[in-house]
Amino acid sequence: MARRRTYGSYNDGCAAAHALDLIGERWAMIVVRELLLGPKRFSTIQRDVIGVSPAVLTQRLHGLEASGIVQRHQIPAPGTGEAYELTPWGYQLEPVNTALSMWAIQSPAFPWQADMSPDALILAMRAHARPIAPGTAACTVVLHLSDSRLPSTDTVDYVAHCTSTKTTIERRATTGVDVDAAVRSSTQSWKALILGGRDLDDTFGISILGRAAAVSTLLRVARLK
């Protein structure tokens, strides 16, 4: 198969054009999105990027690796195998992903009813995250999200810290974390709250253990305005 010519090969020295040479291939930026919260195995990336074939995913990962955006490393014991992770330069693409998202959400053709991967939904929350209002109690909320696009899957775990300085949300193990509330939800139900403007009391399929007020605080500071 013939290799696509770069914009640079047409004597286009624009930095934005070069960015598209690096991440403009189909699926490339989607693969980057799925690595923005941390490393993943090949099988996990393929699970989360529904529609991409193993051959195309291999091509995209190799291309991103050759460009210095992605790197591979061995998974430490007790795990085995390789994981793909963004390089420090690759992680700088999160604000690019955020800017693209904030621009595209204004589109009249935006697919509001379509599902999202757990990481994509958390990245949407990070894009909108704000500090809590003065006088509001700081809180820590654990999220256990299951992917609505898949018939059955384990939950992916995240920890959100809301303070008057900033709100942070990370994909990480939740064992031993001192929390105010823990939420279990499908991505479809959680998206209805974050992007769809639904009220917590009117959304089905969400269970809360702990202080519901802490979950309400997280929603206020991390949902689409």
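This is a predicted model: local features need pLDDT of at least 70, side-chain atom pairs count only at pLDDT 80 or more; totals for chains, interfaces and linings use all residues.
Local features need pLDDT of at least 70 and side-chain atom pairs count only at pLDDT 80 or more, while totals for chains, interfaces and linings use all residues. Residues are numbered from 1 along each chain as its sequence is written, and side-chain values use heavy atoms, with hydrogens and water left out.

**View 1. Helix 2 packs against helix 4.** Helix 2 (residues 28-35) and helix 4 (residues 54-66) meet at an angle of about 75 degrees, with axes 10 Å apart. The two helices are therefore roughly perpendicular (65 to 115 degrees). Helix 2 brings Ala28, Val31 and Val32 to the contact, and helix 4 brings Leu57, Arg60, Leu61 and Leu64 (contact means heavy atoms within 4.5 Å). By class, this contact has 6 nonpolar, no polar and 1 charged residues.

**View 2. Here is the largest pocket, with about 790 Å³ of space.** A pocket is an open set of points on a 1 Å grid where a 1.4 Å probe fits, with protein on both sides within 12 Å along at least five of seven lines; lining residues have an atom within 4 Å of a point. Of its 28 lining residues, Ile30, Arg33, Ser101, Phe110 and Met116 lie nearest the centre. Helix 2, helix 6 (94-104) and helix 7 (118-128) each give two or more residues to this lining, and the largest share, 6 residues, comes from helix 6. By class, the lining has 18 nonpolar, 4 polar and 6 charged residues.

**View 3. Thr217 sits in helix 9 (residues 212-222).** With 6% relative accessibility, Thr217 counts as buried (under 20% relative accessible area, 1.4 Å probe, protein chains only). Leaving aside neighbours within four places in sequence, Thr217 touches Ile132, Thr136, Cys139 and Cys162.

Conventions:
Axes are lines fitted to C-alpha atoms, for helices over the stretch in contact, and angles run from 0 to 180 degrees between N-to-C directions. Helices (H or I, at least four residues) and strands (E, at least two) are DSSP runs, numbered from the N terminus. Angles under 35 degrees count as roughly parallel, over 145 as roughly antiparallel, 65 to 115 as roughly perpendicular and the rest as oblique. Ala, Val, Leu, Ile, Met, Phe, Trp, Tyr, Cys and Pro count as nonpolar, Asp, Glu, Lys and Arg as charged, and the others, Gly among them, as polar. Grid points are joined across faces, edges and corners, and a volume is the space filled by probe spheres set on the points. Buried means under 20% relative accessible area, exposed over 50%, partly exposed in between (1.4 Å probe, protein chains only).
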